[in-house]
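Subject: Structure handover

Hello,

The structure is below, followed by notes on what was found in it. Please read the notes with the model open.

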Amino acid sequence: MKPALLSTLMGVTSVALTACNADEVFNTRPDFVIGNIQHQDYDGQSDDLLTAGLGAAGLASATAPAFTDPLAPTAAELRRLAIYNNYRALVDTSPGGGYGHLFGPAVGNPGDRIPGREFIARMVVPGTTVPVTVMAQVPDAFDPEFPCMVTAPSSGSRGIYGAIGTAGEWGLKKGCTVVYTDKGTGTGAHNLATNTGQTVTGTLTGLADEALFLADLAPDQRERFNSQWPDRFAWKHAHSRQNPESDWGQQVLQSIEFGFYVLNTLYGRELGNGNTLRTITPRNTLVIASSVSNGGGASVRAAEQDDRGLIDGVAVSEPNVNPAVDRGFTIRQGDGPVIADHSRSLLDYTTALAVYQGCANQTSLNRDSAPLNAVFNPPETGLNICHSLFNKGLVSGATPDDWATDAQRILNNVYGVQPEQNLLAPLHFGLAVAQSISMTYANAYARAGVEDRVCGLSLAATDSAGAVVPLAPAAEAALFAVSNGIPPTAGVNLVYDNAEGQPTNLAISASPSSSQVDYGLDALLCLKSLADGEDVVTGTALTGAQAELSDAMAGGVAAIRASGNLQRKPAVFVTGRADAVLPINHTSRPYVGLNQRVEGRHSQLRYYEILNAHHLDVLNGLPGVGDRYVPLHYYYFQALDLIWAHLTEKQPLPPSQVVRPIPRASLATPLSEAHLPAIQPAPAETDRIIFTGSQLRIPD
């Protein structure tokens, strides 16, 4: 493979030279790095880059690694637990789900561990003040004669190890350097009562120049806030006042630069004249921008913004992209309705899900068929939500069943949620996916501070009755390793400060307008109103501070819109049709259409839509899920293989297509390759996704 790789890299060089300054060097420390760069070597036995020494069996074990002292875990212990939790959050490690023979650390890697070196630091993007984390992992298998690099920005709002089991695993197995960034998300939890946060390695600190994030409050401001709202947390993604998503592309590009700097400290060498350093550069290195979900969206934005020839190709799964709105094309699946109202923003459709899904959970179909609906969603709360929506004129009908049916209609017909997503949506609501995203991103887009308590929402630990309590010290000590970066997580919950009676855990709070437990619907309606720019109940324009806040959010959303211009880079998207987190009519599908409008015949983007696949593979270990759905992770690795073969062996990328895997029907039946047909190099015409006549046509 190496001769083919070398010849291809030489070809890549000729392309990169048109954009990359030939005199640019990558052997000096980047100006954007602040503080020390921490470095650890891992032997691949007691500890390693991929599994933190746990191996494939340890990652699959239901028993998480423990701390010697729960109140003072070491950086190594926090790293091990963070890798354990982040890997399992994105990859289904349950028996029979494919782990261990279709994917996982030991597949194609008999030792199941990866020895190498890890470099981690903080960096800032020009124009910002809050640092983000950057990391480079260099496996011992890295070959400086045939260098390769893979980007791995974290998925969701996760921390620096948030892509370890996805882009991280694939890249490390290839012998590539993997560069990570937390994208300004991660835990970054500031306990306002104790004035402590996390360092880059997860230990607690009260020093601003060591912390991932401390809220921008003067001591007297923090004291006043604590006196009125005790035991609250500020969270980096929500409260940094940075709108970090607007810089995700730049952060990924900087992570690549950081990777080149690290590689040149290890492998750069002098030429014969004794004063010129031969560096590893984009001109001789294969760089693939990758990751999943938010991380995938960040890599897409990086490819759009790459004006220096840093990136050679893109391979992402279920990317969170908010395409620029272009009404010059439509989307149609089979003979279904023509969709012109695509490309709604994450804030728009997520706040709609937060408002309406709790009621839609109560349709007869969802009550009978949606997996674990009754377990995660108390029916009485759902009925209260329906009743409140009806009283406010937001759903219609004569009975609660009618109201629930109308809520589902609104989500499908008004907000463009695919019917294939309906079955999993109740479980996602029970896990507070839309609710947590709505709160976090509304704050981030508005650049709001913790003291603003947008829509009366704050973050704190709560007791069984929903009342605010201090977070247990052991829980706080573990936050870096346990949190997914977006409450509710790791013991910190969404709190509705304006709830009936007292500040209460949002999930069991009663709205003042109803005096019944309705998941704090008033707060969720407030978020929806801010997203829409008008009061969703009355239809009147917002005024005063609410209007200003809504305008700020709109500006934040505008700042994260994707252009659709991948600059002719070869790229592969894979997305599950049943994605209930990022509805495909507003993410992958319209991005493909926009890219066709922008790049036209020069486009090298391929889109593979996977039936019976969804956003969160980890749920496939649950009854009612794993028997109906297949792992998208399997196809994501296939996408990476395809882009690798295209760049190194000049193999053509398969045409855009629908792929039709077969669910295993029972968790007792092990998943096999027979269930998972490959992406086809020459798919049947009935499976091809095409853009024709200003319409993206997708087969049923």
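Arg332 has Arg697 in S24 as its bridge partner. The model is predicted, so local features were taken at pLDDT of at least 70 and side-chain atom pairs at pLDDT 80 or more, while totals for chains, interfaces and linings use all residues. Residues are numbered from 1 along each chain as its sequence is written, and side-chain values use heavy atoms, leaving out hydrogens and water.

Strand S14 (residues 330-333) pairs with strand S24 (residues 695-698) in the parallel sense over four bridges. Helices (H or I, at least four residues) and strands (E, at least two) are DSSP runs numbered from the N terminus, and two strands pair if DSSP finds at least two bridges between them. S14 also pairs with strand S15 (residues 338-339), in the antiparallel sense and over two bridges. Ile331 has Ile339 in S15 as its bridge partner. Four residues lie between the strands of this S14-S15 hairpin, and Gly334 takes a positive phi near 55° there.

The ten-stranded sheet

An open sheet of ten strands with mixed pairing runs in the order S1-S2-S3-S5-S4-S12-S13-S20-S21-S22. Strand S1 (33-42) and strand S22 (657-659) are at the edges with a single partner strand each, so one side of each has no neighbour in the sheet. From one strand to the next, the twist averages 15°. Within the sheet, S12 (residues 286-292) and S13 (residues 313-317) pair in the parallel sense over five bridges, and Ala289 stands opposite Val314 in S13.

Two helices lie across the sheet strands. Helix H7 (residues 248-267) lies across S1, S2, S3, S4, S5 and S12, at about 40° to S3. Helix H4 (residues 164-173) lies across S3, S4, S5 and S12, at about 160° to S5. Axes are lines fitted to C-alpha atoms, for helices over the stretch in contact, and angles run from 0 to 180 degrees between N-to-C directions; contact means heavy atoms within 4.5 Å.

Nine of the ten residues of H4 are buried, so the helix is largely enclosed by the rest of the structure. Buried means under 20% relative accessible area, exposed over 50%, and partly exposed in between (1.4 Å probe, protein chains only). The buried residues of H4 pack against H3, S3, S4, S5, S12 and H21. Just after H4, Gly175 takes a positive phi of about 80°.

Cores

The largest nonpolar core has 119 residues, and Phe258, Ile311, Tyr356 and Leu389 have the most contacts inside it. Such a core is a set of buried Ala, Val, Leu, Ile, Met, Phe, Trp, Tyr and Cys residues joined through side-chain atoms within 4.5 Å. A second, separate core of 66 residues includes Ala52, Ala163, Leu642 and Ile679.

Pocket

The largest pocket holds about 950 Å³ of space. On a 1 Å grid over the protein atoms alone, a pocket is an open set of points where a 1.4 Å probe fits, with protein on both sides within 12 Å along at least five of seven lines; lining residues have an atom within 4 Å of a point. Points are joined across faces, edges and corners, and the volume is the space filled by probe spheres set on them. The lining has 44 residues, of which Ala89, Leu90, Arg158, Asn484 and Leu616 lie nearest the centre of the pocket. Helix H3 gives the most to the lining, with five residues.

Regards
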